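This report concerns aromatic ring pairs and the charged groups placed over rings.

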Amino acid sequence: MQIIRHSEQTLKTALISKNPVLVSQYEKLDAGEQRLMNEAFQPASDLFGPITLHSPSDWITSHPEAPQDFEQFFSDPYRKTPSPDKCSIYIQSIGSLGNTRIISEEYIKWLTGYCKAYFYGLRVKLLEPVPVSATRCSFRVNENTQNLQIHAGDILKFLKKKKPEDAFCIVGITMIDLYPRDSWNFVFGQASLTDGVGIFSFARYGSDFYSMRYEGKVKKLKKTSSSDYSIFNNYYIPEITSVLLLRSCKTLTHEIGHIFGLRHCQWLACLMQGSNHLEEADRRPLNLCPICLRKLQCAVGFSIVERYKALVRWIDDESSGTPGATPEHSREGNGNLPKPVEAFKEWKEWIIKCLAVLQK
């Protein structure tokens with residue numbers, strides 16, 4: 001295992017900058033916010049630790065890229081920022097997300113609520129779910145894993161056409177695996193920062209995807225024409241567990257972070273670290289390091305205390321807030337499913353520690 005440890009001065013400059021204007025901006029932050037962010041360059045901090053590399057296939061080793069400090073983020077001429085008339089994040093589900101309609105509806109509400117807390121202060125809106133056929137995307141059966149896949153680039157084109165006038169961005173989510181081009185095996189997600197669109201798949205987050213008993217294998221692709229999407233009727237969907245929900249929340253917020261202009265983090269353990277494989281994605285924390293937190297706060301303008309409180313409320317609220325079950329819901333199962341938040345409990349304890357620092 002390799003630990004990437006930066007000097008205190010390097011981290012301090014990455015966070016605060018040496019530009020007098022940005023230093024002045026930082027000094028105007030609430031005292032508690034400065035106290036929390038200063039933990040970035042405290043070697044003994046138990047809130048923010050260094051990045052650890054576990055294998056040569058980890059992201060930083062296999063995808064060398066220049067690090068982005070706060071000043072580079074702030075000065076990026078291509079960075080998009082929400083404005084009063086474009087301040088909504090839209091979520092578009094493609095295909096079913098759960099094994100019943102009610103599970104699908106609850107799961108997307110949980111994800112929406114999480115995004116509202118994570119990007120605190122912005123509106124997060126749900127678009128009506130669409131079947132795969134509505135996107136007119138290309139699709140295939142992966143020759144290695146034998147599972148269905150849809151073309152990420154085609155979905156991005158579909159989302160760009162659907163993007164509402166008041167959207168800062170529109171993101172598609174699906175339980176069907178993605179591929180970006182014929183020569184690639186798969187991709188977890190893909191985004192266009194200039195267009196403010198992204199598509200993310202949670203298909204590989206089920207506990208059984210990489211096991212011999214995976215039920216989503218398709219023996220042969222029977223397609224009468226390029227417009228025959230009947231194979232997507234009753235495709236395999238993994239069970240919505242607490243771990244799958246946590247992985248989904250991580251991916252969704254990481255990728256939306258990119259749309260805000262945050263590049264892969266190379267400073268401290270952080271949600272915005274790149275990940276090359278599921279094991280590395282699981283090691284990545286849910287939280288932003290102070291450098292990336294300052295970037296997001298600069299883009300959105302939230303109070304860090306209020307944002308953390310909203311995240312704790314999301315974890316504590318074990319339901320999605322769905323109104324009482326209707327008779328129709330009752331036939332299909334519980335109309336107000338309990339939110340599986342067991343995997344978030346450790347993170348909640350971490351947030352409470354941060355709130356203690358903020359509110360000293």
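The model is predicted, so local features need pLDDT of at least 70 and side-chain atom pairs count only at pLDDT 80 or more, whereas totals for chains, interfaces and linings use all residues. Residues are numbered from 1 along each chain as its sequence is written, and side-chain values use heavy atoms, with hydrogens and water left out.

The structure holds 20 aromatic pairs; rings of Phe, Tyr and Trp (its six-membered ring) pair if their centres lie within 6.5 Å, and planes under 30 degrees apart count as stacked, over 60 as edge-to-face and the rest as tilted. Two of these pairs are listed below.

| Pair | Centre distance | Plane angle | Class |
|---|---|---|---|
| Phe70 and Phe73 | 6.3 Å | 40° | tilted |
| Phe186 and Phe188 | 5.1 Å | 85° | edge-to-face |

Phe70 and Phe73 are 3 residues apart, about one turn, in helix H5 (residues 70–75); helices are DSSP runs of H or I with at least four residues, numbered from the N terminus. Phe70 has 0% relative accessibility and counts as buried, a term that means under 20% relative accessible area with a 1.4 Å probe, protein chains only. Phe73 is likewise buried, at 0%, and Phe188 is buried at 14%.

Arg79 lies over the face of Phe73, 4.2 Å from the ring centre; a charge sits over a ring if NZ of Lys or CZ of Arg is within 6 Å of the ring centre and within 35 degrees of the ring normal. The charged end of Arg307 is placed over the ring of Tyr118, at 4.4 Å from its centre. Tyr118 also belongs to one aromatic cluster, formed with Tyr114, Phe119, Phe168, Phe260, Trp314, Phe344 and Trp347.

Technical notes: Helix = DSSP H or I, 4+ residues; strand = E, 2+ residues; numbered from the N terminus. Buried < 20%, exposed > 50% of the residue type's maximum accessible area, 1.4 Å probe, protein only.
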